[in-house]
Amino acid sequence: MRLESHKTQPFTDEDVLRYLYAEMNEEESQDFELALEQNENLNERYEEMLDCLAILSPSVAEPKEKQWTFTAFFLPEAKTAPHILFSPCTQAGFAF
Amino acid sequence: MNKPLIRLADHELVNGYLAGNDYYFEILLGRYKSKIHTTIYLIVKDRDITEDIFQDVMMKIIRMIRAGKYNDEGKFLPWAARIARNLAIDFFRKNQKAPIQRDSENYDLAANFSRSDISADQKIIMEEHERYVRELIQQLPDKQREVLVMRSYADLSFKEIAEITNVSINTALGRMRYALINLKKLADEAGISQNSTLH
């Protein structure tokens with residue numbers, strides 16, 4: 001649901017929440033994303049809300065460290081890094 | 001003197017990674033991983049699915065950076081979060097999972113988490129954290145607590161919450177925003193933060 005025309009009006013703090021909870025339509029989301037890139041203040045408010053939301057379930061909000069670290073080197077085109085030898089997947093038997 | 005890595009701007013870390021230093025990417029992701037993860041979880045509401053999508057997001061980010069599709073002038077977080085959000089929404093649309101409904105009076109923060117892959121110690125820490133958060137939520141003003149529980153745990157949309165509580169959508173959104181800000185303040189005062197998270 002579009003509450004107002006964001007082509008002429010700035011996004012509000014309430015809009016930030018609607019974006020984060022995926023309650024904006026596609027066009028409005030695209031406008032918001034463009035505004036995020038261009039508007040430092042909006043970007044700060046967006047990050048602030050994300051910080052607040054993470055408190056609700058930080059055990060969920062925080063990905064498993066080893067998992068995401070490994071992912072960076074899992075791509076076929078990735079360069080082999082020394083610490084990959086100790087990654088969970090290498091230990092599990094993945095060949096490189 | 002060289003700037004400490006931790007103080008490098010996002011685009012400097014990206015350039016460092018492209019130049020062959022994988023550690024720069026780890027620093028970059030360490031800076032934003034929690035926010036990217038939260039972005040996904042808010043949409044899919046499932047810990048395991050969030051983990052899976054997070055991995056896809058990481059791969060896509062790496063591929064796009066290597067393909068030169070990251071704009072130096074753009075901010076990394078909105079760019080990465082947009083990728084995360086799009087993948088989460090794609091997943092949601094493809095699977096059309098019904099939102100998990102919970103009784104708002106007896107909500108359980110742990111109810112929607114799969115615990116199959118965590119240790120007993122981690123489970124205890126997680127449950128302890130959830131107990132603290134429940135206590136903090138109880139300290140919020142009634143109207144703020146109401147909307148927070150309805151949105152985050154009963155999974156009602158802001159439009160539905162507005163109708164149920166007989167207020168405008170903007171009022172419901174405003175109450176949610178204050179609830180989150182106050183919750184963060186209470187958590188900071190109690191020493192509960194993302195730093196207490198599990199890995």
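Visitor: How many contacts beyond four places in sequence does the model have for residues 195-199 of chain B, where pLDDT stays under 50?

Guide: Bear in mind that this is a predicted model: local features need pLDDT of at least 70, side-chain atom pairs count only at pLDDT 80 or more, and totals for chains, interfaces and linings use all residues. pLDDT is the predictor's confidence in each residue, from 0 to 100, and a contact means heavy atoms within 4.5 Å. For residues 195-199 of chain B, pLDDT stays under 50 and the count of such contacts is 15.

Visitor: And over which other stretch of chain B does pLDDT stay under 50, with 45 contacts beyond four places in sequence?

Guide: A word on labels: residues are numbered from 1 along each chain as its sequence is written, chains are lettered from A and ligands numbered from 1 in the order in which they are written, and side-chain values use heavy atoms, with hydrogens and water left out. For chain B overall, the mean pLDDT is 81, and 82% of its residues reach 70 or more. The stretch with pLDDT under 50 and 45 of those contacts is residues 98-115.

Visitor: Which element of chain B has the highest confidence?

Guide: Chain B has 8 helices and 0 strands, where helices (H or I, at least four residues) and strands (E, at least two) are DSSP runs numbered from the N terminus. Mean confidence is lowest in H5(B), at 81. At the other end, with a mean of 94, sits H8(B).

Visitor: Now chain A: which of its elements has the lowest mean pLDDT?

Guide: Chain A holds 6 helices and 0 strands. Its mean pLDDT is 67, and 50% of its residues reach 70 or more. Helix H1 (residues 13-20) of chain A scores highest at 94, while the lowest mean, 35, belongs to helix H6 (residues 88-91) of chain A.

Visitor: How many contacts beyond near neighbours in sequence does the model give residues 68-96 of chain A?

Guide: The pLDDT over residues 68-96 of chain A is below 50. Even so, the model's count of contacts beyond near neighbours in sequence for this stretch is 52.

Visitor: What share of the 199 residues in chain B is buried?

Guide: Buried means under 20% relative accessible area, exposed over 50%, and partly exposed in between (1.4 Å probe, protein chains only). In chain A, 51% of the 96 residues are buried. For the 199 residues of chain B, the share is 52%.

Visitor: At what angle do helix H1 and helix H2 of chain B pack?

Guide: H1(B) covers residues 10-18 and H2(B) residues 22-44, and their axes are 7 Å apart. Axes are lines fitted to C-alpha atoms, for helices over the stretch in contact, and angles run from 0 to 180 degrees between N-to-C directions. H1(B) and H2(B) pack at about 145°.

Visitor: How many of the residues in that contact of H1(B) with H2(B) are nonpolar?

Guide: From H1(B), residues including Leu13(B), Val14(B) and Tyr17(B) meet a group in H2(B) including Phe25(B), Ile27(B) and Leu28(B). Ala, Val, Leu, Ile, Met, Phe, Trp, Tyr, Cys and Pro count as nonpolar, Asp, Glu, Lys and Arg as charged, and the others, Gly among them, as polar. The contact has 1 polar and 4 charged residues, and the nonpolar ones number 8.

Visitor: Within what arc do the buried residues of H1(B) fall?

Guide: The buried residues of H1(B) are Asp10(B), Leu13(B), Val14(B), Gly16(B) and Tyr17(B). They line one face of the helix, because seen down the axis of H1(B) they fall within a limited arc. That arc is taken from the directions from the helix axis to the C-beta atoms. Its value is 160°.

Visitor: Lys45(B) isn't a glycine, but its phi is positive; what is its relative accessibility?

Guide: Lys45(B) has a phi of about 55°. This residue lies in the loop between H2 and helix H3 (47-66) of chain B. Lys45(B) counts as buried because its relative accessibility is 11%.

Visitor: Is Asn166(B), another non-glycine with positive phi, buried or exposed?

Guide: Asn166(B) has a phi of about 60° and is found in the loop between helix H7 (158-165) and helix H8 (169-190) of chain B. Since its relative accessible area is 71%, Asn166(B) is exposed.

Visitor: Which helix of chain A is included in what covers the buried residues of H6(B)?

Guide: Helix H6 (residues 142-152) of chain B has buried residues including Val147(B), Leu148(B) and Met150(B). Their cover includes helix H5 (120-138), H7 and H8 of chain B, together with, from chain A, helix H3 (40-56).
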